[in-house]
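Try each task before you read its solution.

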Amino acid sequence: MADQYAVIGNPIGHTKSPLIHGLFAEETQQDMAYIAVEGPRDPEDAFASVVHAFAASGGKGMNVTAPFKLQAYLLADERSERAALAGAANALMFRDGRIFAENFDGIGLLRDIEVNLEQPLRGKRVLILGAGGAVRGALLPFIAAGPSHVVLANRDANKARSLVEKVDARGMLSAGGYAELETMGRFDLVVNATSASLTGDLPPVPPSVFSPDGVAYELAYGKRLTPFLRLARNAGVRNIADGVGMLVEQAAEAFFWWRGVRPGTRDVIDKLTVPLE
Ligand code: ATR
C-alpha cells in the first residue's frame, strides 16, 4: 500500500494541499496517497481520535489547518522550537508510535520572499502587521534571516508586545500599535499577517511605511488585489505578492520532512497562481 498522508481542517473543501502534494509526489516519484479529511469540531477531543485512528491505520503524516493547529500541537509527543513559539502545528509526522509536531508556515513565507521573490532579508527593515498565529509562526525564521529591524504592529498593541518579549532577538525586534507607524519611516518589506483581508478589511496602516523599491506581501492567497495590496500599489510599491508561494513552500518543507526528498516548487506555484489583477 502507498504511504498515507492527509490534510485535516474544518471546513476543508477549498484546500489545495492534496493537489500540491500530488504534484510533488508525481515529480519526485514517491509512492504515496494524500487525502483531505474534514475534522470534527465537536466534541473537542474528537479531533485527537481522528488523528490517532489515521496514524493507527498506517498514516505517516498530516497537515493541519484551521481550526485545529493548536490541538494538533498539544496532541504531539515532541514539538519543534518553531512550533513551540507558534503554539501551533501545521504538520504532524507519525513514527514509532509517536507524534512529532512542526510548523512550516514561517519558513515557507521566508523561502517565498527570499528565494522566489529574490529579496534576502539580511540587513532589511521589516514590518509585520498582526500578532496572531501566523505571526507567531513567522517570527523565528524571520529573525534567523538577519534583518536589521523587525517591527510588529497590531490593533491590540499589548498582544504584539508580549509576543516580542518571548523572543530573544538582541534588540532587533519591537512592537506597538498602528498609530506609532506614522513616525517610523519606510520599510523594505511589509507583510500583512492579519486576518483582515479575509473579510475585505484593511488594517489601519499608514501609506508612509511603504517603500517603492520594497515588497508588500499579503498572506492571504487567491483574493486578487486585497485592500492592503491596493494601498501598497497606490503608494508606488512595484513588487507586490500574495501568499500562494508561501502555501506551496510550506508544503514543500513538510514534504521534505516526511519523505527526505525536496520537490521543485516553481511549476506548482505557477499552476496555483491567481493573477492579482
Ligand atoms: P491567524 O492565525 O490567521 O494569525 P489570529 O490568531 O486570529 O489569526 O489573528 C488574527 C490577527 O489579525 C490579529 O493580529 C488581529 O488583530 P487583534 O489581535 O488586534 O485582534 C488581526 N486582525 C483581524 N482583523 C483585523 C482588522 N480588520 N484590522 C486589523 N487587524 C485585524
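**Exercise 1.** Which residue lies over the face of F256, and at what distance from the ring centre?

*Solution.* First, the ground rules: this is a predicted model, where local features need pLDDT of at least 70, side-chain atom pairs count only at pLDDT 80 or more, and totals for chains, interfaces and linings use all residues. Numbering runs from 1 along each chain as its sequence is written, and side-chain values use heavy atoms, with hydrogens and water left out.

Next, the test: a charge sits over a ring if NZ of Lys or CZ of Arg is within 6 Å of the ring centre and within 35 degrees of the ring normal. R262 is the residue over F256, 4.5 Å from the ring centre. Likewise, R125 has its charged end over the ring of F187, 4.4 Å from the centre.

**Exercise 2.** Work out why the pair F47 and F68 counts as stacked.

*Solution.* Rings of Phe, Tyr and Trp (its six-membered ring) pair if their centres lie within 6.5 Å; planes under 30 degrees apart are stacked, over 60 edge-to-face, the rest tilted. Seven such pairs turn up here. For F47 and F68, the centres are 4.6 Å apart and the planes at 15°, so they're stacked. Both are buried (under 20% relative accessible area, 1.4 Å probe, protein chains only; exposed is over 50%, partly exposed in between).

**Exercise 3.** Classify the pair F54 and F94.

*Solution.* The centres are 6.4 Å apart with 65° between the planes, hence edge-to-face. F54 and F94 are both buried.
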